[in-house]
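Please open the structure in your viewer and keep the selection panel at hand.

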Amino acid sequence: MTPIVAARAAEATVLVADSDVLERMVIAAYLRDCGYRVIEAADSDEAVAILKEEDVEVYVILADVAIGGSLNGFKLSAWVREHRKGLRIILVGTIDDSAEAAADLCEHGPLMAKPYDPQLVVDRIKRLLAERDRRTAPDQTEPEAGTRVFA
Amino acid sequence: MPLVPFGGTAMITSPIGDLDPDRRSPTILLVEDETLLRMAVADQMRRAGFDVIEACNAQEALDVVYSNAPIAVIVTDIRLPGALDGTAIIRIARIARPELKVIIASANPPVEAGLAHATYAKPYDVEALVKEIREMIRGAVR
């Protein structure tokens, strides 16, 4: 990872929402090694509790479609769209039909099939952050040097 | 880096129970069901240089204990949701992974002598807890 990428990643917080502790700890550790700050949620209720905290900044959510709690991954996506507009969500799951449904519910959120390569998750997060940066950049003509690597 | 499998056991290749104090990041298993408290304590532990695996209940904690994740210390609450509480985690961990150090961090810690290596009553000072963990890890390899 280049210094620019590492520095940029350190500014971004990813919420990993997965009810399988062994899967969650692997992807969370990988993302931390890539320089991201990672917050973990063991079910959708924990995810919602974290997202309701105004002083906790989250940029991207990585959520399991089959996450436990009051909301499944699809409904969590819908909740995020309603309450945290602009927050990007990546759903991960295994069932193709569910993937289609998730894609409909999660208008910006791409869906990744399990088993997934953690590096692909990182690539996806980078793309989402780049999209966000493009949307929020005051001058659209020339991206800042630190964001160009994600374009 | 292994793939993250679906519904199966994550493949961690690190050695079990690495207690070397010179190792860059000893790993703590933090068991706490209060989401925001767990998040804050885990953050502080990571800033202190530890790797932290987070578990929200006893089942998650035992999944980690039975994996070959390189845990050095378990820090656990006692009152947890589900069929098992923190004391069950400790009793099972003692059999499965006798090398592990155990710290109780609970609002109402049990008085049973010898159940854990140290006990902290909530609200506790995380810096003091971190210091204790460092001492434990150093002591374990002397």
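Predicted model: local features only at pLDDT ≥ 70, side-chain atom pairs only at ≥ 80, totals over all residues.

Which side chain of chain B meets that of A:Arg24 in a salt bridge? Select B:Glu60: the side chains of A:Arg24 and B:Glu60 form a salt bridge with an N to O distance of 2.8 Å. A salt bridge here is a side-chain nitrogen of Lys or Arg within 4 Å of a carboxyl oxygen of Asp or Glu.

Residues are numbered from 1 along each chain as its sequence is written, chains are lettered from A and ligands numbered from 1 in the order in which they are written, and side-chain values use heavy atoms, with hydrogens and water left out.

**The interface**

Display chain A and chain B together. The count of salt bridges between them is 5. In the contacts (heavy atoms within 4.5 Å), 27 residues of chain A face 28 residues of chain B. The two chains bury about 2300 Å² between them, 66% of it on carbon and sulfur atoms; this is the accessible area (1.4 Å probe) lost on putting two parts together, summed over both. Next select A:Leu22, A:Met25 and A:Val26, which supply 23% of the area that chain A buries against chain B, more than any other three residues.

**The core of chain A**

Now select A:Leu15, A:Leu51, A:Val58 and A:Ile61. Within the largest nonpolar core, of 22 residues, these touch the most other members. Such a core is a set of buried Ala, Val, Leu, Ile, Met, Phe, Trp, Tyr and Cys residues joined through side-chain atoms within 4.5 Å, where buried means under 20% relative accessible area (1.4 Å probe, protein chains only). Centre the view on A:Leu51: leaving aside neighbours within four places in sequence, its contacts include A:Trp79, A:Val80 and A:Leu87.

**Chain B**

Finally, colour chain B by secondary structure. Chain B has 4 helices and 5 strands, counted as DSSP runs (helices H or I, at least four residues; strands E, at least two) and numbered from the N terminus. Select helix α1 of chain B, residues 35-47, which reaches 18 Å from its first C-alpha to its last. Among its buried residues are B:Met39, B:Val41 and B:Met45. Just after this helix, B:Gly49 takes a positive phi of about 105 degrees.

Note on methods: Buried < 20%, exposed > 50% of the residue type's maximum accessible area, 1.4 Å probe, protein only. Expected span 1.5 Å × (residues − 1).
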